[in-house]
Amino acid sequence: MKREKYIKNMIGGVLTDPASNQYLDNINPATGEVYSFIPDSDKNDVASAVKAAQKALPDWMNTPADLRGKIMERVADLINQNLAYFAESESIDNGKSIELARSVDIPRAVQNFRFFASAIRSFSSEAHMMENRAVNYTVRQPIGIVGCISPWNLPLYLFTWKISPAIAAGNCVVAKPSEITPMTAFLLSQICIEAGMPPGVLNIVHGLGSKAGEAIVTHPDIKAISFTGGTATGKHIAATAAPMFKKLSLELGGKNPNIIFADCDFDKMMTTSIRSSFSNQGQICLCGSRIFIEKPIYERFKKEFIEKVRLIKVGDPASENTQLGAIVSKQHRDKIIDYIKLAKKEGGKILCGGHIPEINKRCEKGYFIEPTVIEGLPYSCRVNTEEIFGPVVSITPFDTEEEVIRMANATDYGLACSIWTESLTRAHHTAARIQAGIVWVNCWMLRDLRTPFGGMKNSGMGREGGFEAFRFFTEAKNVCINLEKS
Ligand code: NAD
């Protein structure tokens, strides 16, 4: 298994060139240099992938769950054996620090395969008696061929988060990773072949969203789409897929509040708030980008937070002591810089950061931004309501629980929230009234893969994780048997 200059699709268990024979540039964001090429796939490649999936489907859906699980565990073992190489590849492709890729992204990809391989063995369906007249039982059958489309921020982590439950449940998959970070999905294809995954069970088609992605969404034989990405893309996919009556799971953007009450465990809150603000350069859909602090501790928070942010080591992602690596692309870096400029126009004061830092010679053309903290913004302004998805946070003081809940809920998003308090009552009250699919109390990103994962409002539709994912990737069929004697 290795990185190649020319990435290939995997169709029917074979690594193939795109039908068009056209390739796109793949850029290392830390250096700004093209370092490999991605298949510019189109509807012809998707059509071939669907044919391969159709061929594999009858056997795969009838393969015992235990055997499907064993194949997936082999995939997990092989990723794990090559963890260092995968981490290095993810760091080059995405710009994230090598340490983060090694400690979070790749271990989680391994865990995704292991978790769903195991969970499918315990997944069962319901049965009940209807008085003494009939017995009902529900069969959960695989949907058939499903499409999985993922973003660039946690490339292998999120790609495998979708693929694993889909194939564990007996579906065959046509999957597309982000064209901005394709490399670890390519390595995964090599691993799947080595692990003996039957050809056609997982097909990986690389390329642009507007071409390869669109072809997946519109293909009539792909019956469900699991998508993670931006809200605008999700809206477009929903508009396209809904008239085709496809099942849809949409995991979209966020603008998450981090609510800090004066009675919190200050040190624990501070350490975690640094992580929840700037992990992965703030490019995690769950990052808390609006920090609300109760007034009695506002000045203390501000002083200590800024001192700590200034110590964050921004640098070459390949360096072991780097904490904040490169932004994923030039286009995204420029978008974040535009938001920092907008913040000033909206009345914000930049307390630290806000600039493009100089790194080292190797990274002089890379896309970096200093971690940035802004105060003084109205809670309803664009910078405080639109998703920036970068190392930029705003801090805002509050007086009462009522006020902070109103401000926290004042966006179209509703993905995640963190609440910091030592009061059990206040934690429950606030959690109940926050519009978010995921609420953390006195923690952040503490993930249990059994729990439902997803957002409210414009942050998405449906839930991933645990048995929720299996319910999405199966069709429920109720069988009713009459027990009455004639
Ligand atoms: P994006 O929407 O631009 O792209 C996501 C994927 O969709 C890519 O693979 C892309 O090629 C594909 N795509 C684009 N247009 C398409 C189309 N017309 N049809 C089919 N596929 C298409 O998002 P991005 O910039 O890659 O990712 C960042 C976004 O993802 C942020 O908004 C972030 O909040 C969100 N995100 C959400 C979650 C979550 O779980 N809710 C997790 C991670 C990222």
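**Entry 1: strand 18 and its neighbours**

I started at Ser418, which stands opposite Trp440 in strand 19. I'm working from a predicted model, so I keep that in mind throughout. Next I checked how the two strands run: strand 18 and strand 19 (residues 438-441) pair in the parallel sense, over four bridges.

Which residue of strand 18 is the bridge partner of Ile259? I found Ile419 there.

**Entry 2: buried or exposed?**

I went through strand 18 (residues 416-420) for burial, and five of the five residues are buried, so the strand is largely enclosed by the rest of the structure. Side chains in a regular strand alternate between the two faces of the sheet. I sorted the residues by side: Ala416, Ser418 and Trp420 are buried on one, Cys417 and Ile419 on the other, and both faces are covered.

**Entry 3: the ligand**

I turned to the ligand and counted 30 residues around it, with Lys176, Glu179, Thr233, Leu252 and Glu387 coming nearest. Then I looked at some polar atoms. The side chain of Glu179 has an N or O atom 2.6 Å from an oxygen atom of the ligand. For Ser150, I noted a polar backbone atom 2.8 Å from a ligand oxygen atom. A ligand nitrogen atom sits 2.9 Å from an N or O atom in the side chain of Glu214. Last, I looked up the cover: the ligand taken alone exposes 850 Å², and the protein buries 88% of that.

Notes
Residues numbered from 1 in each chain as written. Predicted model: local features only at pLDDT ≥ 70, side-chain atom pairs only at ≥ 80, totals over all residues. Heavy atoms only, no water. Buried < 20%, exposed > 50% of the residue type's maximum accessible area, 1.4 Å probe, protein only. Pairing = 2+ DSSP bridges. Near = heavy atom within 4 Å. Polar contact = N/O pair within 3.5 Å; in protein donor to acceptor, adjacent residues only side chain to side chain. Areas by Shrake-Rupley, 256 points an atom, 1.4 Å probe, with all protein chains shown as cover.
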